[in-house]
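Please look over the model below before reading on.

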Amino acid sequence: MPSLLALLLALTLSATALSQTLARPGWAGSGMNADPWWKHAVLYQLDPQNFSENGLKSIPTHLDYLQSLGIDAILLTNTSPDAQTIDPALGTIDDLDDLIHQASRRNIRVLIDLKPKVNTDLAAAARFWLNRGIAGFHIADPTQAAPLRKITNAHIGQRIVIADLTENPTKSQQNSNYDPQLLFNPHPGTQPRLTAATIRPPLESAQDQHPPHVLLTDGPDLKRSMTRYADGTHNVEIAKILAALLLTSRTSANLYYGQELGLTETYPTIHWEAPPPPQKGQPAPPPDPNPNAAVEEANAQSLLNWYRQLSALHHGNATIASGASIILNHDDQNVLAWVRKPQAVTAISPAMVVICNLTAQPVQLSLKADMQRLHLKGSFLRTTMRSDNAMGPMHLESMTIPPYAVYIGELRY
């Protein structure tokens with residue numbers, strides 16, 4: 001019966017698509033939306049053993065937290081000892097299946113960090129994970145991207161391959177159907193000194209690259225940025241600058257678990273529960289130096305909530321999401337600034353300006369000459385976000401940027 005055969009075939013294809021698409025209708029990358037989900041994505045890289053108490057099994061309990069950060073995909077690292085199994089210390093395949101299912105309900109994909117050994121059958125490993133619903137891979141060696149892309153291209157749901165940027169890009173990093181879709185670029189966020197002169201050149205070179213770059217300041221092989229750059233006085237302010245670097249330039253961003261809370265090498269563990277209140281008549285216990293997600297949640301000025309606001313801007317503002325990025329040179333004042341310019345500047349879609357003071361003193365800044373050089377009309381910036389508590393616009397001819405402050409505004413006249 002041809003009709004019965006057709007029905008069985010349709011059901012089989014439907015089940016396969018459901019396991020591989022990982023998406024609901026209209027979700028970017030579902031096949032029903034033309035926009036690639038991974039362009040300007042926010043990734044969240046985590047080691048299951050360190051992120052939560054019970055490894056893979058307890059990650060789903062924190063998916064609402066990740067969704068509030070605007071995370072598009074989780075990148076699991078240190079999960080597989082042989083590229084085709086789950087480390088038993090972290091959980092089971094069933095735990096991974098549950099995570100993929102629960103994450104997809106929140107429009108979050110799950111990626112895996114592939115670390116193949118010399119004798120690993122990369123194609124077999126990729127097919128294994130893709131058939132379980134993994135949305136793509138990070139692989140350090142860009143020369144291994146091509147065989148992975150051949151496999152991921154055959155699966156629906158816009159599966160992706162991410163590789164690391166090398167100092168001398170080879171042909172495999174020069175944009176074809178078998179190149180990685182994204183390249184991890186740590187250079188702007190891992191300079192030895194937090195100065196405009198050291199950060200501006202690699203930030204400028206990261207814009208409008210093919211394949212697109214993913215900026216990161218932290219990762220499993222890097223010392224925590226709060227340890228590297230914090231000065232003991234402006235720690236949170238400095239962390240907010242790094243967040244703006246990641247989320248307001250023309251790149252994707254990779255967050256390493258807990259950096260949105262200010263984890264350091266000394267205090268590397270996320271505490272999820274609020275500390276108990278002091279008992280009546282007893283002195284309050286000394287504050288816990290480990291970053292606490294519940295405490296950050298309750299503080300409107302916290303680093304966590306700053307990341308949430310920036311991520312919402314990254315996803316929700318068309319100019320920040322896709323406008324041209326023009327890096328300005330104010331190295332002499334140790335100010336890092338850039339303009340995000342839409343294709344057509346209008347009153348509804350104005351240019352955006354991001355300013356970061358990388359000094360411990362207020363800076364008097366003028367951007368009038370910069371705007372004239374770029375043929376952008378405007379006399380002041382209307383505040384969109386700022387990391388201090390001040391109010392009001394900034395005038396282009398003369399503005400005061402507080403110590404280690406971030407200012408984001410629309411160019412108006």
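**Notes on the hairpin, the chain and the cavity**

1. Asn 329 lies opposite Leu 336 of strand β10. β10 (residues 335–341) runs antiparallel to β9 (residues 324–330), and 7 bridges join the two; strands count as paired if DSSP finds at least two bridges between them. The two strands form a hairpin with 4 residues between them, and Asn 334 in the turn has a positive phi of about 55°.

2. This is a predicted model, in which local features need pLDDT of at least 70 and side-chain atom pairs pLDDT 80 or more, while totals for chains, interfaces and linings use all residues. Numbering starts from 1 along each chain as its sequence is written, and side-chain values use heavy atoms, without hydrogens and water.

3. The chain has 13 helices and 16 strands, taken as DSSP runs (helices H or I, at least four residues; strands E, at least two) and numbered from the N terminus. Of its 413 residues, 51% are buried, meaning under 20% relative accessible area with a 1.4 Å probe, protein chains only.

4. One cavity of 30 Å³ or more is present. A cavity is a set of points on a 1 Å grid over the protein atoms alone where a 1.4 Å probe fits but cannot get out; lining residues have an atom within 4 Å of a point. The largest cavity has a volume of about 40 Å³, the space filled by probe spheres set on the points, which are joined across faces, edges and corners. Residues lining the largest cavity include Ser 225, Met 226, Leu 242 and Tyr 307. Helices α8 (225–229) and α9 (235–247) each give two or more residues to this lining.

Definitions and conventions. Buried < 20%, exposed > 50% of the residue type's maximum accessible area, 1.4 Å probe, protein only. 1 Å grid on protein atoms, 1.4 Å probe; cavity = no way out; pocket = protein on both sides within 12 Å on 5 of 7 lines; lining within 4 Å.
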